[in-house]
Amino acid sequence: MKNLLTSIYLLVLLNGCTVSMYTAELDALNSDGDPRKALLYWSKTDRLIGAAKAGPVILMTECSTRRLSFDETESGIIYRGEPGRDRVAGQNETIADGIVCAKIETQSKLTELQADELMLTMLCEAVFDEFSIQEGLYTPAYLQAREAPYRFDVRESKSWSVFGETPKAPEPPECK
């Protein structure tokens, strides 16, 4: 019986992992030029045995209906804009499919991102039409495009998980 309990304990221990939720907030202008809070977050799972898993990185902006999802590609960690919903800043036409609208400059792999300074460059802005604006303060606007990258100070919250459950995602910044 003792050997069975030891085996079960070891199996649970080996399947366990450390789960981290990374978050960062920033006060900046949105693509409408309004001051807004932006929230960046992602989760990462470090297993005792096996490779770490992370992402995607999510960017939410106060009073925005959009959540931008950054994925790992050969070009790094990027957000590809959506035709009809995004345009390169300063242009009138919406983007073509596959255009990079934002990029994380700090690392090129999701599993390498850590609690530290994260640099994010925004190249696009949201496109407005009569269907994209909701009742009240909400619009599709997200962080304003600019040449200089945004600097996020990322914090980490760790927990232990037996089965690798993903921590609860943070709520979007409250629209005031």
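Colleague: Let us begin with the inside. How many residues does the largest nonpolar core have?

Modeller: In this predicted model, the largest nonpolar core has 30 residues. Those with the most contacts inside it are Leu59, Phe70, Leu118, Met122 and Phe152.

Colleague: Which strand gives the most to this core?

Modeller: That is strand β1, residues 17–29, which contributes 4 residues to the core.

Colleague: And is there another core apart from it, and of how many residues? What is among them?

Modeller: Another core, of 5 residues, lies apart from the largest one. Its members include Met21, Leu39, Tyr41 and Ile58.

Colleague: Back to Leu118, please. Which residues does Leu118 touch?

Modeller: Setting aside residues up to four places away in sequence, Leu118 touches Leu40, Trp42, Ile104, Thr106, Leu113, Tyr150, Arg151, Phe152 and Val154.

Colleague: Now strand β1. How do β1 and β2 pair?

Modeller: Strand β1 and strand β2, the latter covering residues 35–47, pair in the antiparallel sense over 13 bridges. As one example, Thr23 has Tyr41 of β2 as its bridge partner.

Colleague: How many residues lie between the strands in the hairpin of β1 and β2?

Modeller: There are 5 residues between the strands of that hairpin, and Gly33 takes a positive phi near 85° there.

Colleague: What about β1 and β12: over how many bridges do they pair?

Modeller: Strands β1 and β12 pair over 7 bridges, also in the antiparallel sense. Within β12, Glu156 stands opposite Tyr22.

Colleague: Which side chain makes a polar contact with that of Glu156?

Modeller: The side chain of Ser20 does so, at 2.7 Å. Ser20 lies in strand β1.

Colleague: Why does Ser20 count as buried?

Modeller: Ser20 counts as buried because its relative accessible area is 1%, and the cut-off for buried is under 20%.

Colleague: Which residues is Ser20 in contact with, leaving aside its neighbours within four places in sequence?

Modeller: Ser20 is in contact with Trp42, Ser43, Lys44, Glu156, Ser157, Lys158 and Pro167.

Colleague: A change of topic. What does the count of disulfides come to?

Modeller: The count comes to 2 disulfides. Cys63 and Cys175 form a disulfide with sulfur atoms 1.9 Å apart, and Cys101 and Cys124 form a disulfide with sulfur atoms 2.1 Å apart.

Colleague: Is the link of Cys63 and Cys175 right-handed or left-handed?

Modeller: The link of Cys63 and Cys175 is right-handed, with 100° about the S-S bond. This pair joins distant parts of the chain, 112 residues apart: Cys63 is in the loop between β4 and β5, while Cys175 is in the segment after β12. Both Cys63 and Cys175 are buried.

Colleague: And the link of Cys101 and Cys124: right-handed or left-handed?

Modeller: The link of Cys101 and Cys124 is left-handed, with -70° about the S-S bond. Here too the pair links distant parts of the chain, since Cys101 is in strand β8 and Cys124 is in strand β10, 23 residues apart.

Colleague: Are Cys101 and Cys124 buried or exposed?

Modeller: Cys101 is buried, as its relative accessible area is 0%. Cys124 is buried as well, with a relative accessible area of 0%.

Colleague: What is the pairing, numbering the bonded cysteines in sequence order?

Modeller: The pairing is 1-4, 2-3.

Methods: Residues are numbered from 1 along each chain as its sequence is written. This is a predicted model: local features need pLDDT of at least 70, side-chain atom pairs count only at pLDDT 80 or more; totals for chains, interfaces and linings use all residues. Side-chain values use heavy atoms; hydrogens and water are left out. A nonpolar core is a set of buried Ala, Val, Leu, Ile, Met, Phe, Trp, Tyr and Cys residues joined through side-chain atoms within 4.5 Å. Buried means under 20% relative accessible area, exposed over 50%, partly exposed in between (1.4 Å probe, protein chains only). Helices (H or I, at least four residues) and strands (E, at least two) are DSSP runs, numbered from the N terminus. Contact means heavy atoms within 4.5 Å. A polar contact is a pair of N or O atoms within 3.5 Å; within protein, one must be able to donate a hydrogen and the other to accept it, and residues adjacent in sequence count only if both atoms are side-chain atoms. A disulfide is a pair of cysteine sulfur atoms within 2.5 Å. Two strands pair if DSSP finds at least two bridges between them.
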